[in-house]
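Have the sequence and the 3D view ready.

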Amino acid sequence: MAAGGGGVADPLSPAGVPCAFSPLNQAYFALASADGQLRVWETANNRLHQEYVPSAHLSGTCTCLAWAPARLQAKESPQRKKRKSEAIETSNQIDLLALGTAVGSILLYSTVKGELHSKLISGGHDNKVNCIQWHQDNGCLYSCSDDKHIVEWNTQTCKVKCKWKGDNSSVSSLCISPDGKMLLSAGRTIKLWVLETKEIYRHFTGHATPVSSLIFTTIRPPNESQPFDGITGLYFLSGAVHDRLLNVWQVRSENKEKNAVMSFTVTDEPVYIDLTLSENKEEPVKLAVVCRDGQVHLFEHILNGYCKKPLTSNCTIQIATPGKGKKSTPKPIPILAAGFCSDKMSLLLVYGNWFQPIIERVALNSKEPHVCLVRDISNCWAPKVETAITKVRTPVMNSEAKVLVPGVPGHHAAIKPAPPQTEEVESKRRLGENEISIEERLGALDIDAKKEKDDLPQTNSFPVLLTQGLESNDFEMLNKVLQTRNLNLIKRTVLRMPLHAVIPLLQELTKRLQGHPNSAVLMVQWLKCVLTVHASYLSTLPDLVPQLGTLYQLMESRVKTFQKLSHLHGKLILLITQVTASEKTKAMTCPAQKAKLVYEEESSEEESDDEIAEKDSDDNWDEDEEEKESGKDEDVDEENEEEEEDAEEKDEENGEEDRDVASEKELNGDSDLDPENESEEE
């Protein structure tokens with residue numbers, strides 16, 4: 001069972017490529033490559049049996065495939081003989097291969113006729129088909145899709161028998177029970193449906209990521225003493241995207257038990273799973289799991305109840321190239337798929353390249369826990385590539401030559417008249433000598449072109465590259481276009497792109513917005529241009545809401561935390577500025593500065609006394625102090641008297657002030673006489 005399918009850019013799409021072995025003795029191996037082509041290989045001689053390219057293989061690439069079961073092989077009813085046409089139609093049905101596409105259609109390809117048998121479109125899916133399952137008895141086909149629905153098809157009339165909603169999100173995997181009365185479906189949770197009434201019989205927890213594979217592992221319940229209703233007691237296996245655990249579930253009679261009973265651990269995400277069914281309680285289940293890292297893990301276990309610890313593989317198989325010489329080291333060869341043969345003792349391994357794989361049968365007789373097979377695959381496709389390369393000759397190019405790209409405005413190639421070398425050319429031809437080389441012929445031509453200011457890719461080619469990249473899902477081509485930072489170039493590209501590519505571009509931008517934040521900055525510019533330029537076209541689409549629902553939820557989740565982040569950003573800026581300011585003040589040294597002027601508010605008498613004190617000698621210092629004290633006492637008394645007297649006695653106060661002035665003059669006179677007395681004493 002293949003776990004592959006889906007676009008490469010989608011982070012939740014399963015790894016690998018859709019592929020499957022034919023049910024009858026694994027005679028054929030079918031795989032659908034990324035470019036939408038179907039190739040059917042013969043497993044016996046490793047030869048390409050058929051190749052089919054659908055008409056819309058680029059826009060509607062194959063996402064899943066399934067062979068019609070071997071039980072539909074010419075199953076005639078015992079009541080009456082079938083007509084010849086009915087018998088041929090039923091016998092051909094075993095060779096039918098159902099292909100699910102990315103646009104929601106299902107193709108039925110006949111390997112006997114080597115052409116398309118029929119196409120299932122009307123009333124089906126509106127989005128990518130994720131899984132296809134054939135019913136082993138009635139020839140019906142069941143499919144699930146990203147549009148959340150499960151569809152039951154009548155392959156005879158190519159019409160829908162029933163369609164119902166399978167989950168609240170996309171349904172990624174299906175599996176039909178051994179008795180054909182129940183159907184398992186899974187998105188992230190697993191549901192068991194009754195096919196007759198389309199009602200849910202059981203719920204299971206499932207995985208955290210979309211389930212990529214569902215397989216029933218047992219046909220009979222382990223407890224055979226109780227009556228068997230066809231489903232109770234059976235085990236089934238599930239694997240999910242980016243999940244290294246394969247869970248085993250049991251359908252219990254009570255509805256309370258919803259968790260897995262055991263699990264198998266592998267080294268990487270499962271890509272392809274195959275197993276041998278256990279027909280009784282003593283027969284172990286053999287499981288082969290191909291992982292994304294190119295290894296195969298083999299498990300052998302008897303399913304008999306609950307097991308808490310995950311089970312590890314009994315054997316791991318790897319393939320590597322031989323190291324030729326001392327310098328070269330062996331390189332691993334990826335294993336693409338593995339399937340048990342009818343004898344259950346050997347394994348078919350598909351390894352190498354998807355375009356030309358190698359199919360080999362390996363016996364399972366080793367008891368070692370790790371087996372490494374050495375295979376030299378260099379001779380398998382190297383001759384074909386070499387013969388293709390040797391037929392192409394690269395012309396000798398002059399270093400001064402300029403290659404002209406279509407779409408450059410204004411360039412022209414002017415051919416000048418033949419130079420004098422033409423005479424030598426004619427003489428060479430006449431004499432029967434060898435013709436002149438291409439270099440000489442190019443030298444005879446003078447190509448003039450206007451030099452462009454920049455050597456950027458031409459803007460005319462951007463819409464074409466973008467459309468081709470979206471149709472073929474080419475990741476490198478889309479990167480060349482979407483990683484440009486020129487806003488004018490983005491606007492011109494969006495204006496010139498066709499309308500049918502608008503929705504795929506929005507889906508591609510939505511996928512890239514979920515990736516690294518650096519790429520999201522560029523994708524927002526593209527998204528803004530697309531929504532502003534093509535707003536009128538988008539408003540006319542009836543199913544715009546489900547198509548852009550993921551984008552809306554993504555934008556809403558991003559914007560929801562913006563206000564909180566802006567508040568936090570503002571607080572952090574305040575803290576950072578305060579910390580830096582305090583650090584600057586600590587780092588600054590305060591220079592020692594002296595005051596240029598100091599003012600002290602004191603009385604004028606004290607100032608004059610100070611001047612007198614500086615001039616007085618040491619002998620008269622005590623006398624001056626007594627005079628100062630008496631002067632101070634007089635001033636205090638005069639001030640008290642002035643406060644007590646009324647406004648009418650102002651004249652008397654003036655007289656007292658004159659007396660004070662006279663006393664001050666006497667003091668000044670005494671101070672003047674002091675230095676004279678000192679001189680006389682000397």
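Which residue follows α5, and is its phi positive or negative? The residue is Asn473, and its phi is positive, near 55°. Before going further, a word on the source: this is a predicted model, in which local features need pLDDT of at least 70, side-chain atom pairs count only at pLDDT 80 or more, and totals for chains, interfaces and linings use all residues. Residues are numbered from 1 along each chain as its sequence is written, and side-chain values use heavy atoms, with hydrogens and water left out.

Now look at helix α5 itself, residues 461–472. Helices here are DSSP runs of H or I with at least four residues, strands are runs of E with at least two, and both are numbered from the N terminus. From its first C-alpha to its last, this twelve-residue helix reaches 16 Å, close to the 16 Å expected at 1.5 Å a residue (1.5 Å times one less than the number of residues).

Phe462, Pro463, Leu466, Thr467, Gly469 and Leu470 of α5 are buried, meaning under 20% relative accessible area with a 1.4 Å probe, protein chains only. Because they cover an arc of only 165° around the axis, they lie on the same side of α5. The buried residues of α5 pack against α6 (475–482), α7 (487–496), α8 (502–513) and α9 (517–533), with contact meaning heavy atoms within 4.5 Å.

Next, find the open sheet of four strands, ordered β9-β10-β11-β12 with antiparallel pairing; two strands pair if DSSP finds at least two bridges between them. β9 (129–134) and β12 (159–165) stand at the edges with a single partner strand each, so one side of each has no neighbour in the sheet. Strand β11 (residues 149–154) pairs with β12 over six bridges in the antiparallel sense, and Val151 has Lys163 in β12 as its bridge partner.

Notes. Buried means under 20% relative accessible area, exposed over 50%, partly exposed in between (1.4 Å probe, protein chains only). The arc is that of the directions from the helix axis to the C-beta atoms.
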